[in-house]
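Open your viewer and get ready to select residues as we go.

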Amino acid sequence: MHARAVAASTAALLGTAALLFPSPARAGDHGASPLVIAHRGASAYAPENTLAAVDKAAELGIAWVENDVQRTRDGELVVVHDDSLRRTTDAEEVFPDRAPWKVKDFTAAEIARLDAGSWFGPAYAGARVPTLRQFVDRVEHHHQKLLLEIKNPQLYPGIERQTLKLLSNEGWLDAPHLADRLVVQSFSPDSVRTVHELRPGVKTGFLGTPGVADLAAYAAFADQINPSHGSLSLGYVSAVHAFRGPHGRPLEVCTWTVDDAATAQRVAGYGVDGIITNKPDVVRDAVGG
Ligand code: G3P
Ligand code: CA
């Protein structure tokens, strides 16, 4: 038989098989490698959650960057992981009488004075805690994509609405960004639900590993279920993929924080959709993302 005829009849058979045996709703079935997401920026190589960490991810050719958003005493959204400034800045030296150096107790102007780079290495001395506006502008500048985590939302009433407003003002809620360049996630299901209710077009993620029996409830407001890699199994990833999220697509799984090739290959074998990593080059090399 002519090769083209063989291909045509094979395709017809496969088409028939697909109709007879529809595959479950799995995002991971697309055959592509998982997305590689730079955790707090490329934070193994530059101080976490700084513009330098975004730049480093861009330099490595990494499209997706994760960050953490909190709020200052005077209402500015800033990008920092801990609820205290102590670990990643020189707040203890600059403001010795302000223990325990909580982000929420400092003004934006005070935080802007802090060195958020020297703790990591002298090459980064003078790096600042970025505002969310500065951060998204830098991500945009590099044509990157953002996995934005609302951190400790219980400390910052209304932070979901405020974050969405800033994203909107900065052009991050237009159709191209909503389609493929933004996910908002949190460990707080209430926060994720609030984001979904305020702006249903925004793709959302829940950080954690809900029981399979609870996944249907999460699927009402979260497009992603994003667990620690230690809690993952092939069965769990398949169970998540079997649900459809609020936008009618299979729920996705982005797992964290994976910094070695063997673990990256293990979770890729489970069919995860994304791997969140401090070493995006290592993970990309391991899984071809
Ligand atoms: O995005 C996943 C990861 O960031 C969650 O943990 O503590 O690094 O914010 P954490
Ligand atoms: Ca985070």
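**First stop: helix H12**

Select helix H12: its buried residues pack against strand E1 (35-38), helix H11 (261-269) and strand E9 (274-277). Contact here means heavy atoms within 4.5 Å, and helices (H or I, at least four residues) and strands (E, at least two) are DSSP runs, numbered from the N terminus. H12 itself spans residues 280-287, and its buried residues are Pro280, Asp281, Val283, Ala286 and Val287. Buried means under 20% relative accessible area, exposed over 50%, and partly exposed in between, using a 1.4 Å probe and protein chains only. Step past the end of the helix to Gly288, which follows H12 and has a positive phi, near 70°.

Before moving on, a word on what you have loaded. This is a predicted model, in which local features need pLDDT of at least 70 and side-chain atom pairs count only at pLDDT 80 or more, while totals for chains, interfaces and linings use all residues. Residues are numbered from 1 along each chain as its sequence is written, chains are lettered from A and ligands numbered from 1 in the order in which they are written, and side-chain values use heavy atoms, with hydrogens and water left out.

Now select residues 203-207, strand E6. Five of its five residues are buried, so the strand is largely enclosed by the rest of the structure. In a regular strand the side chains alternate between the two faces of the sheet. Turn the view to check both faces of E6: Lys203, Gly205 and Leu207 cover one side, Thr204 and Phe206 the other, and all are buried.

Val184 stands opposite Thr204 in E6. Follow the chain from E5 through helix H8 (residues 189-198) to E6, and you trace a right-handed β-α-β crossover. Right-handed means that, with the strands pointing away from the viewer, the path from the first strand over the helix to the second runs clockwise.

Phe206 has Ile225 in E7 as its bridge partner. Also in E7 is Asn226, which is buried with a relative accessible area of 0%. Leaving aside neighbours within four places in sequence, Asn226 contacts several residues, including Gln185, Phe206, Leu207 and Trp256.

Which residues surround ligand 1? Select those near it (a heavy atom within 4 Å), among them His39, Arg40, Glu66, His81, Lys151, Gln185, Leu207 and Trp256. Draw some distances from ligand 1 oxygen atoms: 2.7 Å to an N or O atom in the side chain of Arg40, 2.6 Å to a polar side-chain atom of Glu66, and 2.8 Å to an N or O atom in the side chain of Lys151.

Now pick the calcium ion (ligand 2). Its protein donors are Glu66 (OE), Asp68 (OD) and Glu149 (OE), 2.1 to 2.3 Å away. Donors are N, O and S atoms within 2.8 Å of the metal (3.2 Å for Na, K and Ca), and water is not among the atoms, so sites may look incomplete. Along the chain, the donors of this calcium ion follow the spacing E-x1-D-x80-E. Glu66 and Asp68 are both buried.

**Last stop: His81**

Finish in the loop between strand E3 (77-79) and helix H3 (91-94), where His81 lies. At 18% relative accessibility, His81 counts as buried. Its side chain makes a polar contact with the side chain of Arg40 (3.1 Å); a polar contact is a pair of N or O atoms within 3.5 Å, and within protein one must be able to donate a hydrogen and the other to accept it, with residues adjacent in sequence counting only if both atoms are side-chain atoms.

Notes. Two strands pair if DSSP finds at least two bridges between them.
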